[in-house]
Amino acid sequence: MFNKSHIQAIKNIVGEENCYDDKAHLVAYCYDATRERYEPDAVVFPRNEQDVSLILAYCNEHKIPVIPRGAGSGFTGGALPVNGGIILALERYFNKILEIDEKNLIARVQPGVVNKMFQEAVEAKGLFYPPDPASQEYSTLGGNVSENAGGMRAAKYGITKDYVMALRAVLPNGDIIRAGKKTIKDVAGFNVAGILIASEGSLAVITEITLKLIAKPKFARSAMGVFADIESAMNAVYKTMASGITPVAMEFLDNLSIRAVEERFSKGLPIDAGAILITQVDGDMPEQVSFQLETLQERFKENGCIEFKIAQNDEEAQNLWFARRNVSQSITIYGKKKLNEDITVPRSALPELLNRISALSGKYSFKIPCFGHTGDGNVHVNVMVPDPNDKQSLNKGYECIEEIFKIAIALEGTLSGEHGIGLSKAPFMRLAFSEAEMNLFAHIKKAFDPNNILNPGKMGLNMENV
């Protein structure tokens, strides 16, 4: 049981000014983007890696839960202290870019660095860090690594795991390890960094990240295609990707999403369209970019595109992307409670996925606007519940979500493309993984964290019989 003696012991490590158990701090750190609330017993701001090591060693000895936290912007409850314990808040001191190495095209950062700030810092040197989650203005790189965040540029450039070269981390017993190297090639030992990526803070506390950088493309152009129906748009996506053209981004909005943005912002969107695709291409020569745009237009037209608009300048490009960047807030016109999931399927399965979701909308009488990253098959599905206080309606919403997960798995997809599992998707893990696979996950957790102190209760892991 957590008591005042534990508070004092931790204050002896980090100082009085970096450990709090007052109500204001407990409330401030009790929620994330899920809006679920679980108060911790204390909030601790470690000053350095040695602090993290001493805190974990103490908490491991006394079996106190420790929940690492960045910006608290996650959608699945990954940073919620469901079993009490301490929030290990990394945003105060672990927020420095330690090095940008232009010779080796790498950077070393602390986990509390905000994604957008890092992008701006490397772009000032003519370099490029592609992963761009929608939360890039405030989400931290440590959180991005812990959830393996993606973004709109994933279609061409991949996701966070494709850029992590090495990690420094502290194990639950206080041991400090380095996983990976700054070298391009490294096949010595197990891929521990790969295991820590997307582990949602359940195996170790990341204290430093080494990231791969690339040269920033010199030119980029954006375009939008308008389609009469969703199936034509989805066919255009995988036909384009199979043509040898790889857009930086290939984003879509269905009709409900289009109408929501137009109702909220009056941007002149085609409200009768079945779907729109918003895309971007880049390259180091204008001719290369123009060729990609021409090919895109051809593939779109072959698959039912009724209007193709190319942005002629930055302002027009921003206008094209406005709808995609603001759709999430706009769809709240359909309901006060948004059950938001980020399923992913193979690109060729997108038409069937969206048709089956449309059928569920009729079955459950909910609006289900869909949008997302069709270039990599990642769809944000939003079951809109009109009244969250109506328990019967809310339960129907969760039943609908479970059916959506089952459809995604049946189409050889996955429960999450970038939001992670955390707390909210934990009950559905056994839809996607066999008993043997779930046991393997639990044994990996046990090997790293035998006392189950790091972010317990997440990812559907049953640690009782391991």
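1. Asn-326 touches Val-261 and Phe-265, leaving aside residues up to four places away in sequence. The model under discussion is a predicted one. Asn-326 itself lies in helix H11, which spans residues 314-330.

2. The relative accessibility of Asn-326 is 14%, and the residue therefore counts as buried, the cut-off for that class being under 20%. Its side chain reaches the backbone oxygen of Phe-322 at 2.8 Å.

3. Helix H8 (residues 230-241) packs with helix H12 (residues 350-364) at an angle of about 155°, and their axes are 8 Å apart. H8 and H12 are therefore roughly antiparallel to each other, since angles over 145 degrees fall in that class. Their crossing is right-handed.

4. On the H8 side, the residues that meet H12 are Ile-230, Glu-231, Met-234, Asn-235 and Tyr-238; their counterparts in H12 are Leu-350, Pro-351, Leu-354 and Asn-355. The residues of this contact of H8 with H12 comprise 6 nonpolar, 2 polar and 1 charged.

5. H8 also packs with helix H10 (residues 286-302), here at an angle of about 140° with the axes 9 Å apart. H8 and H10 are therefore oblique to each other. The crossing of H8 and H10 is right-handed.

6. Ala-236, Lys-239 and Thr-240 of H8 make the contact with Leu-296, Arg-299 and Phe-300 of H10. In the contact of H8 with H10, the residues divide into 3 nonpolar, 1 polar and 2 charged.

How values were computed: Residues are numbered from 1 along each chain as its sequence is written. This is a predicted model: local features need pLDDT of at least 70, side-chain atom pairs count only at pLDDT 80 or more; totals for chains, interfaces and linings use all residues. Side-chain values use heavy atoms; hydrogens and water are left out. Axes are lines fitted to C-alpha atoms, for helices over the stretch in contact, and angles run from 0 to 180 degrees between N-to-C directions. Helices (H or I, at least four residues) and strands (E, at least two) are DSSP runs, numbered from the N terminus. Angles under 35 degrees count as roughly parallel, over 145 as roughly antiparallel, 65 to 115 as roughly perpendicular and the rest as oblique. A crossing is left-handed if the near helix is turned anticlockwise from the far one by less than a right angle, and right-handed if clockwise. Contact means heavy atoms within 4.5 Å. Ala, Val, Leu, Ile, Met, Phe, Trp, Tyr, Cys and Pro count as nonpolar, Asp, Glu, Lys and Arg as charged, and the others, Gly among them, as polar. Buried means under 20% relative accessible area, exposed over 50%, partly exposed in between (1.4 Å probe, protein chains only). A polar contact is a pair of N or O atoms within 3.5 Å; within protein, one must be able to donate a hydrogen and the other to accept it, and residues adjacent in sequence count only if both atoms are side-chain atoms.
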